[in-house]
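Biologist: I would like to learn how to read the packing in a model such as this one. Could we go through it feature by feature?

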Amino acid sequence: MITFDNVEKQYPDGTVAVDGLSLEVPTGTLTVFVGPSGCGKTTSLRMINRMVDPTGGRVLVNGEDVRTQDPRTLRRGMGYVIQHAGLFPHRTVVDNVATVPRLMGASRKQARATAMEVLGRVGLGEELARRYPAQLSGGQQQRVGVARALAADPPILLMDEPFSAVDPVVRKELQQELLRLQSVLAKTIVLVTHDIDEAITLGDRVAVLRPGGVLAQYATPEELLGDPADDFVAGFLGVDRGVRLLSFFSTTDLPLHTDRITTTGDVSGRAGDDRWLLVVDDEKRPLGWRDPQAPEALAPAGRGFVPGQDTLRGVLDASVLSPSGFAVAVDEGGRAIGVVSSEEVTAVIRSRHRRRADSQPAQGRP
Ligand SMILES: Nc1ncnc2c1ncn2[C@@H]1O[C@H](COP(=O)(O)OP(=O)(O)OP(=O)(O)O)[C@@H](O)[C@H]1O
């Protein structure tokens with residue numbers, strides 16, 4: 001566990017970068033520090049590994065004040081990933097990563113074996129391992145940066161804008177990869193970003209900082225989106241936070257109807273049915289919607305959703321985009337198991353909101 005206990009940092013020129021920061025990062029979870037430029041995110045992160053020392057308060061790792069620990073020993077237990085990866089340009093990828101186990105006393109051979117293993121974990125194979133950093137794409141370089149941070153298997157990972165320098169598509173890939181790695185490795189991670197979407201995607205908890213280095217709110221992404229502490233946090237989250245909140249709602253208990261599903265063989269027999277009908281093949285795979293006004297051609301069935309796997313955001317999107325106003329639920333094999341209307345989805349959303357309001361009144365505020 002990492003604890004910030006009323007931490008302050010005033011730089012010698014008088015700038016107050018962090019002001020009275022108190023929060024806990026539980027072991028094995030990922031906390032994101034997010035906020036506008038200059039609000040003290042990097043300063044706060046660097047106080048964990050003593051690249052910066054606080055001018056007030058304490059930072060504790062597993063209950064021990066970091067200032068009582070030798071910085072080099074402390075940093076051995078903490079991987080550090082920065083924007084642009086910070087790789088040694090004249091060393092090959094594998095040697096960049098092997099540097100860390102070498103520093104920890106591993107033999108050259110053992111260090112290289114460890115490096116190859118962690119490179120594999122972040123999706124980089126042998127061929128890329130022999131290249132120099134400049135011969136890799138930005139996204140691949142960031143992966144090497146993550147591999148190097150993981151090479152010593154530290155319990156804590158500090159990440160400062162790790163994905164900011166790559167394009168949006170690669171950035172999403174790297175985010176998903178970090179989540180996949182974290183689901184296996186369960187490190188204690190603190191990640192700094194100025195991108196609220198990245199914070200919502202990655203964080204078990206998100207600390208929103210405001211200018212002047214003051215904590216505005218520390219909460220789970222769901223709590224932030226559903227109950228921002230004030231106008232600053234709400235403004236920082238953006239205009240569509242309601243829709244984004246739906247990503248945290250499950251779809252296991254949506255009302256699904258089967259009476260609108262018909263097969264190609266049966267559809268002609270339902271000519272008198274003046275409703276939209278979903279036509280499926282013999283294996284129940286959706287073929288399209290029969291429009292009662294234009295029964296000759298089928299309208300597209302749209303993207304189906306798998307109850308329990310997809311979120312309510314996806315279901316609402318599918319129902320809004322569907323010509324019939326119904327989203328199609330499918331099993332993992334793509335077979336139709338029912339349909340649900342956009343009106344029913346919104347009714348479920350309203351009841352979830354009521355339940356949320358009843359169960360968790362305004363939490364997570366500093
Ligand atoms: N060494 C320093 N000396 C004086 N002031 C500093 C120093 N380092 C940072 N600051 C100031 O402290 C404040 C917080 O900086 P910090 O880098 O922690 O913010 P940040 O939220 O990470 O910003 P960004 O998103 O722009 O990287 C800023 O006003 C910055 O100018």
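Modeller: Let us start with helix H13 (residues 312-321), whose buried residues pack against strand S15 (326-330), strand S16 (336-341) and helix H14 (342-359). This is a predicted model, in which local features need pLDDT of at least 70 and side-chain atom pairs count only at pLDDT 80 or more, while totals for chains, interfaces and linings use all residues. Residues are numbered from 1 along each chain as its sequence is written.

Biologist: Which are the buried residues of helix H13?

Modeller: A residue is buried if 20 or more other C-beta atoms lie within 10 Å of its own, exposed if 12 or fewer, and partly exposed in between, with C-beta atoms placed from the backbone. In H13 the buried residues are Leu312, Val315, Leu316, Asp317, Ala318 and Ser319. Helices (H or I, at least four residues) and strands (E, at least two) are DSSP runs, numbered from the N terminus, and the chain has 14 helices and 16 strands.

Biologist: How should I read a pair of packed helices?

Modeller: Two packed helices are described by the angle between their axes and the distance between the axes. Axes are lines fitted to C-alpha atoms, for helices over the stretch in contact, and angles run from 0 to 180 degrees between N-to-C directions. Here, helix H3 (residues 93-103) and helix H6 (residues 138-150) have axes that come within 7 Å and cross at roughly 25°. Angles under 35 degrees count as roughly parallel, over 145 as roughly antiparallel, 65 to 115 as roughly perpendicular and the rest as oblique, and H3 and H6 are therefore roughly parallel to each other.

Biologist: Which residues of H3 and H6 meet?

Modeller: Two residues are in contact if their C-beta atoms, placed from the backbone, lie within 7 Å. Val93, Asn96, Val97 and Val100 in H3 meet Val144, Ala147 and Arg148 in H6.

Biologist: At what angle do H6 and helix H7 pack?

Modeller: H6 and H7 (residues 168-185) pack at an angle of about 25°, with their axes 10 Å apart, and they are therefore roughly parallel to each other. Gly138, Gly139 and Gln142 in H6 meet Val170, Glu173 and Leu174 in H7.

Biologist: Which residues come nearest to the ligand?

Modeller: A residue is near a molecule if its C-beta atom, placed from the backbone, lies within 6 Å of it. Of the 13 residues around the ligand, Tyr11, Ala17, Ser37, Thr42 and Thr43 come nearest, and helix H1 (residues 41-46) gives the most to this shell, with three residues.
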